[in-house]
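Dear colleague,

I am passing on the structure we spoke about, and I would be glad if you could look through it with the notes below at hand.

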Amino acid sequence: MKSIASAPAKIILFGEHFVVHGTKAILAAIDKRVTVTSSFTDNNTIKINSELGTIEVPISSSYEVKSEFKPFIFLANKMIISNQNVNGLEITIDSDIPIGVGLGSSSACCVAATASISGLFKELSSEESLRMSIEAEKTIFPDSSGADCTVCTYGGMIEYPSIEKIDNTFDLNLVIANSMIPHNTKNSVEKVNKFKEKEFLRFSRLCELETKLIDEVITTMKNNDATTFGLKMSENQKYLEEIQVSNDTLRGMISSLKEISLGTKITGAGDGGCIIALVKDENMDKVPALLPKDKECFSAKIDTKGVVWSTIEE
Ligand code: PMV
């Protein structure tokens, strides 16, 4: 039997970084996916095939592997240990989510891998599956807020920590532009922790402002007011500038889209990665020409399905 699960990428519309320190955040799953396929083997190993390479290691929770493989090894060992009659697993990852650029590739992998591997044994509830995927993500990023795995699991747009889907009343024409500078979420989060230690009052104030901003965003959506929504995105970018997760490249990209967008900001950890812009329909075609030649961009649609799981009998 093959157990196949796929999970969507995500964007953070409001609240990245502050969410690690307890504020709410607004996130959406988007139409790029990772698919994880798992099957039993008789090799007494865990084998992982991905675009980052192939590894095959003995079944043992103490076996050290490169960080990007850790969540899969963790999940495989966890399931094997609680299900005695298993002699090995093979896990294959196929992804169309760019890696390390703030689109939640590792969270989507953790969510899809949890559903795929556990699906060989028993179907988990969404709550159990989410809990396990966050545990897996914490093997590489212990400070994770859990927001990314949550939106990848449930899909749609959510006001984290709630999993209720937000009904957006206007069409969000979102463009994602990749700075092509890979980032490291762990390092950016540690940098923000240091900022918080040094500038505690300023940081607390920014958390309050973020909370207020998110409440206002919910109202703008209820009022069908895309213009104010865009302004709030740009306001959020100011807070991200203050906590120093932006840089000249990202600022340059944001300013090149200024004339045609209602609002633009970093999405994800920053220090590289992607920006998102809310763009009016008639301006969508103008985006590529405005960005520097070496940047990639695409328009994103909101994914409503979240994680999807199926099996194939062989
Ligand atoms: O850049 P990404 O996709 O790893 O997103 C990180 C989002 C943070 O808020 C910075 C961290 C978190 O766990 O929420």
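This is a predicted model: local features need pLDDT of at least 70, side-chain atom pairs count only at pLDDT 80 or more; totals for chains, interfaces and linings use all residues.

Residues are numbered from 1 along each chain as its sequence is written, and side-chain values use heavy atoms, with hydrogens and water left out.

The ligand is surrounded by 18 residues, of which Lys-10, His-17, Ser-145, Thr-185 and Ala-269 are the closest; a residue counts here if one of its heavy atoms lies within 4 Å of the ligand. By class, this shell has seven nonpolar, eight polar and three charged residues, where Ala, Val, Leu, Ile, Met, Phe, Trp, Tyr, Cys and Pro count as nonpolar, Asp, Glu, Lys and Arg as charged, and the others, Gly among them, as polar.

Of the 380 Å² of accessible area that the ligand has on its own, the protein covers 94% (areas by the Shrake-Rupley method with a 1.4 Å probe). Strand S1 (2–14) and helix H5 (185–198) are the elements that give two or more residues to the shell around the ligand; helices (H or I, at least four residues) and strands (E, at least two) are DSSP runs, numbered from the N terminus.

The structure holds 16 salt bridges, each being a side-chain nitrogen of Lys or Arg within 4 Å of a carboxyl oxygen of Asp or Glu. In one of them, Lys-24 pairs with Glu-159, with the closest N and O atoms 3.3 Å apart. Because Lys-24 lies in the loop between S1 and strand S2 (25–40) and Glu-159 in strand S6 (residues 157–160), the pair ties together parts that are 135 residues apart in sequence.

As for the backbone, the peptide bond from Tyr-160 to Pro-161 is cis, with omega near 15 degrees, and Pro-161 is found in the loop between S6 and strand S7 (174–178). Asn-44, although not a glycine, has a positive phi of about 55 degrees, and Asn-44 belongs to the loop between S2 and strand S3 (45–50).
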